[in-house]
Structure formats: structure tokens, C-alpha cells
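This report goes through a predicted model. Please keep the sequence and the structure open while reading.

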Number of protein chains: 2
Amino acid sequence: MSIDASLRERAARVVPGGMYGHLNAALHGPGYPQFFVGGQGCRQLDADGREYIDLMCSWGPVVLGHRHPAVEAAVTAQLAAGDCLNGPGPVYVELAELMVETVPQADWVMFSKNGTDATTQALMVARAATGRTKVLMAHGSYHGADPWCTPSPSGTTPSERADLIEYTYNDLASAEEAAARAEGDVAAIIVTPFKHDSFEDQELAAPEFARGLRALADRIGAALVIDDVRGGWRLHLGGSWETLGVRPDLYAFSKAMANGHPIAAVTGVDALRGPAQTIYSTGSFWFNAAPMAAAKATIETLRDIDGVALIERAGTRLREGLAAQAASHGFVVNQTGPVQIPWLSFEGDTTLDKGMFWASACLREGVYLHPWHNWFLSAAHTDADIDRALLGTDAAFARLREEFGAD
Amino acid sequence: MSIDASLRERAARVVPGGMYGHLNAALHGPGYPQFFVGGQGCRQLDADGREYIDLMCSWGPVVLGHRHPAVEAAVTAQLAAGDCLNGPGPVYVELAELMVETVPQADWVMFSKNGTDATTQALMVARAATGRTKVLMAHGSYHGADPWCTPSPSGTTPSERADLIEYTYNDLASAEEAAARAEGDVAAIIVTPFKHDSFEDQELAAPEFARGLRALADRIGAALVIDDVRGGWRLHLGGSWETLGVRPDLYAFSKAMANGHPIAAVTGVDALRGPAQTIYSTGSFWFNAAPMAAAKATIETLRDIDGVALIERAGTRLREGLAAQAASHGFVVNQTGPVQIPWLSFEGDTTLDKGMFWASACLREGVYLHPWHNWFLSAAHTDADIDRALLGTDAAFARLREEFGAD
């Protein structure tokens, strides 16, 4: 029995189903290992000693590569002094200043732990500011896993979702209709910087949709909230909609902010500073200094090395390579989303049969990517790493052709 | 200007109000420093280099003392291998097994990050199991800071709290009445192991109240949830109501579980294993290996050194010392709650004038405790440390007598 299988067997006794949440390997397809023991740069090592070129980056958090020396040195130094104390460390101020300096929209910042903390806190601020209750969100968008937003209704109540009104991503008219249905009671419009729903091709935000949501929020006096938990720090260091020239009232950040260390943040405009002071939102570990030191080192490093450009370069090389391979093997594929946070699906593959087969074949070739969730690239992916990954994907396309034939 | 004042000035520009949440020093009283730079054992160092005997333990998380060597070694080793990966490490299984072994009620465990994550997740499991919506909670109990439970209504909506029905702590009849009002729709009864509301004397749970809640939950088919976020790992390693012989269906743990490293957990009974598998609850950092390694080292160390007995010894010495001092200075005080998580109030001090003055006087004497929130002791508090703290509290009582006169 493999080490992974043996760990799964033990886990099944002491955790419901053995595993849960987005890292549950049972959901990813055949052959995916559940347990990992190490990471270095853009490589990860599973419990049985198999190494992968990592195209998932732990579902987003790892943006500079695993065990980045500047980040780990900052964490080690902070842990050696003190981490969880009776108040924050000076690094709290330094990180807040750095974020306000880096994110043009930000006049202030509040830190927390989970992406869900940040989206929830952003809505609290919007509600405190407006005295209103309803939130407009795009149908199918993922904003976290609290009862108000988790994609599964199990364990949630109708009341917990009663304040949401849905619109359709990239359909401004649907957002206007949703606002009309709320009859003046809209506290916030929440939106992801691009459409990254699982199981579906991704969609970039149409510039006129982004500008239209901003205008709609202004017209009805609601806060525009960008949930940049997934996109943040890969598309633009100033917040993902800087690429479109549209600024929200509130940004929610997490994931890549500290290269894998646990922290989240909301940034806001000056008009929301007072309302933000009225909410009570906290957590036992929200002011721990080590993850703040990690975030400071991560953001400074991304800035100093132009991390976004490096990630974009890796993503472009991967996309072009995959496009050429798919064509040469006779497959029609859709590569969607920003190149830094890419996904590939096979045309007409509604059952995901081809996608699951291909992803598992990539895995056997030492390339870790995902059959129905977007991937993430990092600044640690060099041209050589992408070329090594493309060797694996090419072999996987060849196996797919043997199994399914060309399109 | 002190370093603390200068950091506060900078923080006020980039964080709403400069600080928020339970560590906001502005709420604690005059003289409290906001910023800390180090901790060692039961001592903390503020940004201006003043050292305190720490009777707050970072509001609970630090249970073995700051920078405990076994915990920090486990964290360092795990960080050196890998922390935030594409799946959990073997330590996930080892920690889950350790918790199931340590907590007699536990047949399984699910990990998360914040105490609020754990209480929220416990209610989701209870609702998934029962298909019901309502939750009975004690009026004034703190169960976290999500909109459903935060003590401030600002930024929350009526719908978000519509599923709560309140009862009175230690009043079984009130819980029965609350259940009756829910007309058969009770998913869970949530309760803290003792009453630890801020600004009030604490109350231990009456054994008949605890047994009565258990019987009530059984009779109406609801899950009994103990929110052991604050009490856990100080009163009993098997869950705080092991001291009363009452076992809940679900325990929520966090704070002291990993000696300051960010992790939370829900443990449950076998009957809830299936329902727990149906909820979708996750977070980007919930499976990070370093905090799990910290939790494993913390629980093993607490077990090996009989940490609860050490904390109880320190708490008893403190309580006896304070009682003698108060009497000798002519004050009538109430010392409430378990000795491990104590609080002291002055008889008739409804305005907290005496309590605030005394706490600030303790602070000036190098003893960090809190005027309106319970304190926390740790296994690092030796007799000598408590005696050193008592020197400070004695001086503070003397100042209080100069200012207010004896009772």
C-alpha cells in the first residue's frame, strides 16, 4: 500500500470522509495524491516521494514559489521575537502602510485570517455605511465558505442567504434589474475581478461591465466590493481592476498576500473609514505578527522583482505551448481566464471525461494541475520549468488521443 | 513621544481608528500599550521595552508560555519541509488521531483557522444533521465575530440573526422555554463551558444546568454544542465539560490549541459524521501543516507535563494571594470563573472605576491583566512568577486605597 493510501485509511477514521474542502483529492480525479510533504520553488513533493511541477500553487497562496527565502527569513525572525502577543507588532503598521502605498484604492486596511473573513468583513462595512441589508452577487460566484456564501446549501438556513440578490456576470442589465428588485436596499455589489466559477470556462470582465457596475453602485449609493481573494497579487499589485482602471470602495484580499502564510485583508476608501470603525470583527490570531511579516516580505518582493510580469511571462509561455500541443494532437481546447490564473477545457467536453483523463495523465507525467478548477502560476516558474511542464502535458495529450481519438 | 504613541499615530492613518477588535488597547483603560515586540515564557515586552508578567496570554492562545521550545521546534521543522501545499501533510492525520484520543467525546475532527470558523462550522453540522434552523444560545455569550454572533449589531442584518433564540445561562427553565418557542425547529443548543461574558462576574456552570441541557438536547433531538474556544485546554484536555461528566455532540476548539499558532477545530460524535461530510466548509490556509505541527506539540506537551494541573496551581496561588491582599487593604472583591481563567471585580464597582484604576496600576507595576475581560494563566507561570505578579498587584491595591479609600 502506498503511504498516501495508508494515510487516507487512517484519516477516514478520524475525519468525516477523511478529507473535506477544496483540497479533497477525491474530487480532483483518479490518481491525485491527498498528502504532501514538501515544496520548493514551483515543485511539490507528495507523501510517496513523487515530485511535481506545481501549476496549482496550493490553490493560489504560493505566488513567489514554496519556501521563498525572503519570506521565510521574515517569518523566522518574527517568530524568534514574538508572534501572538497582547497586541500587534510594529509590522502591523508597516504592512498597513505598505498596502495603502501599493493599492491606489486603499486609504485604509483591516487584517483578518481567511478570505471568507475578508469578504464577510467587507459586507459588514458596506452595511454599516449604508444602513441597508441587500447584497448583489453574481450567480455562481465563489466568495468563501461561510453559510452566506458557501456553494453547498447543506447546513445553511434560508435566512442566512435572504439578503443576497443574484445577477449574471458580465451582464450589466441583470445587475441593474437585481438592484431594482432590491427597491433601494442595496448595501453592496460584490464581484470577482474575472469570472472563475468551477467547472466552467473562465471569463474576463468586460471593461464596460466593470465601469457599469461602478456607475450603478454610485447611482444607488451602494459600495462596490471586489473579491480579489483569488485574483489578487497576480494580475496587478494595486488590485486586479487596476488593469481596467476601475476602483472599488472595498477590496477583499487573501490567498497570495503572504506566499502561503495565513492572512487576509480588506482595503477601503476614506468615506468608509468611519463605518469600518463601528463594526466588531476580530479573531484570536488576526494580529499575529509572523504572517504580517510574511505579507510584507511577499508584497515587497513581488514589487521589487516585478512579480506580476514574471507570472504573466510564465502563463503566456504555458498558454502558447498548450495551444500548439492541442492543435498538433488534433484537439480543440478553450484556454480561458488571465494567463496567470489559467484554465484549459476541451471543446464539447460537458461530462469532463476528457478533462479528467488529461489532468490525471499530466499528473502521472509529474505535472500537477486541475481538471475543473483554475490553475495558478507563480514568479518561481522559469521558462525551463514551463518547458518541463509542457513535456508532461504533451505526453498527456498523446495519451488522450490514444484513448479518445482526435476531435 | 513613546514608540507606542508614534506607532499609534501612524496606525491611525492607515487602519480605521488605528486598531480594532479585542486587542484594541483604547478599550482596556489608561496606560495600556498597543504594540508588543516579544514574548518569552510568561513575560511580554512592549514596543517601548517594558516587560510585563503576562496574565492575559494574548487573550488565551498562549498556554505553555511564549516561544515554548517543543512547539517552536515543531513549527520550524514543518516550515522547513513545507507548510501550505496542495494537500495536508501527514501531521493532519497525526493531529486528528491525537485529538480523537485526547477528547473522549470525539469520534472525528475537522480543522479550521478561527474560533468563529469552528462555532459556525459546528452549527452547520448540527443543521445538516437535523434539517432544522434554530439555535438556542445564552444571552450575552460570545461565540465569535461573524455577523450571526458578533456582539455589535453594526454591519449585521436582522436575517443574519433570525435563527437565534436566547436563553439565560445557568437557567434551565429558560432554555426549555426557548426550545418551546422554537416549536420543534431546534438544530442546536450552544453553550460556553462557563459564563465568561465581558464586564460581568464569571459563573461556573451548575452541574444540574449542564446535565439538564444535555437531557433537553436529547429530548428535542438537537445537537448540544460546547463552544470551548475560550476554556479549552486549560480546564481539561478532554474538553471542559469532562469536569462535569457531560459530553456534547460537538465541541468547538481554538485559542490555546497550538500555543498561539492559528488553528481551530470541531470534534463530533459518530452520529454526526455523515452530516459533517455534506457541508462545504474550507479555507485557503486551513490545511497548513505548521500550525498542525504546533497543535500536536502543544497537546502532547500539555499531556506530558500535566499542564492543566500546573495552570490550576498557578491560578490557585494567584487567587489566594489576591484574596489576602484585597482583605488586608480593605477591599471586597469577587474572584470568579475557574482559577485557570480568572477575573477579579470590586464589589459594587458598577462603573468599573476601581477596576480600571487598579488594572492600570498593576500595569505600571509590570503586571498585565484586564479590567473587564477574564484573564488567562499558562503552564509557564511558576510560583515565583505568581509571587512576582502579586508584588505588583499588592502595590496596585495600595494605590487604589490612596485614591478611593477602603470599602
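## Salt bridges and polar contacts between the chains

Chain A and chain B are joined by 4 salt bridges. One salt bridge pairs the side chain of B:R127 with that of A:E160. The N to O distance there is 3.4 Å. As the model is predicted, this distance is a computed value.

Polar contacts also link the two chains. Between chain A and chain B, 50 residue pairs are in polar contact, with both residues at pLDDT 80 or more. Which elements of chain A each supply at least two residues to the side that touches chain B? The helices are α1 (3-14), α2 (69-81), α3 (90-102), α4 (115-130) and α7 (273-278). The strands are β1 (36-40) and β4 (108-112). The largest share comes from α3(A), with 7 residues. By class, the side of chain A that touches chain B has 50 nonpolar, 35 polar and 17 charged residues.

## Extent of the chain interface

How many residues does each chain bring to the contact? Chain A brings 102 residues, and chain B brings 102 residues. Together the chains bury about 8400 Å². Carbon and sulfur atoms account for 58% of that area.

Three residues of chain A lose the most area to chain B: A:Y20, A:N86 and A:Y280. Together they give 11% of what the chain A side buries.

## Two domains in chain A

Domain 1 puts 27 residues into the contact, and domain 2 puts in 25. About 2100 Å² is buried between domain 1 and domain 2 of chain A. Of this area, 60% is on carbon and sulfur atoms.

## What holds the domain contact

How many salt bridges are there between domain 1 and domain 2 of chain A? The count is 0. Polar contacts are present, with 19 residue pairs between the two domains, both residues at pLDDT 80 or more.

On the domain 1 side, α9 (307-329), β13 (333-336) and β14 (343-346) of chain A each supply at least two residues. The most come from α9(A), which gives 3 residues. The domain 1 side that touches domain 2 has 16 nonpolar residues, 10 polar residues and 1 charged residue.

## Overall build of chain A

Chain A has 11 helices and 15 strands. The radius of gyration of chain A is 21 Å, close to the 22 Å that the globule rule gives for 407 residues, so chain A is as compact as a globular protein of that length. Along its principal axes, the C-alpha trace of chain A spans about 60 × 55 × 45 Å.

Most residues other than glycine have a negative phi. Two loop positions deserve a look against that background.

Where is A:F199 placed? A:F199 sits in the loop between β8 (194-195) and β9 (203-204) of chain A. Its phi is positive, near 70 degrees, and A:F199 is not a glycine.

The other position is in chain B. B:N259 lies in the loop between β11 (250-253) and β12 (264-268) of chain B. B:N259 has a positive phi of about 55 degrees, although it is not a glycine.

Definitions and conventions
Residues numbered from 1 in each chain as written. Chains lettered and ligands numbered in written order. Heavy atoms only, no water. Contact = heavy atoms within 4.5 Å. Buried area = accessible area lost by both parts, 1.4 Å probe. Polar contact = N/O pair within 3.5 Å; in protein donor to acceptor, adjacent residues only side chain to side chain. Helix = DSSP H or I, 4+ residues; strand = E, 2+ residues; numbered from the N terminus. Nonpolar A, V, L, I, M, F, W, Y, C, P; charged D, E, K, R; others polar. Rg over C-alpha atoms; globule rule 2.2 N^0.38 Å.
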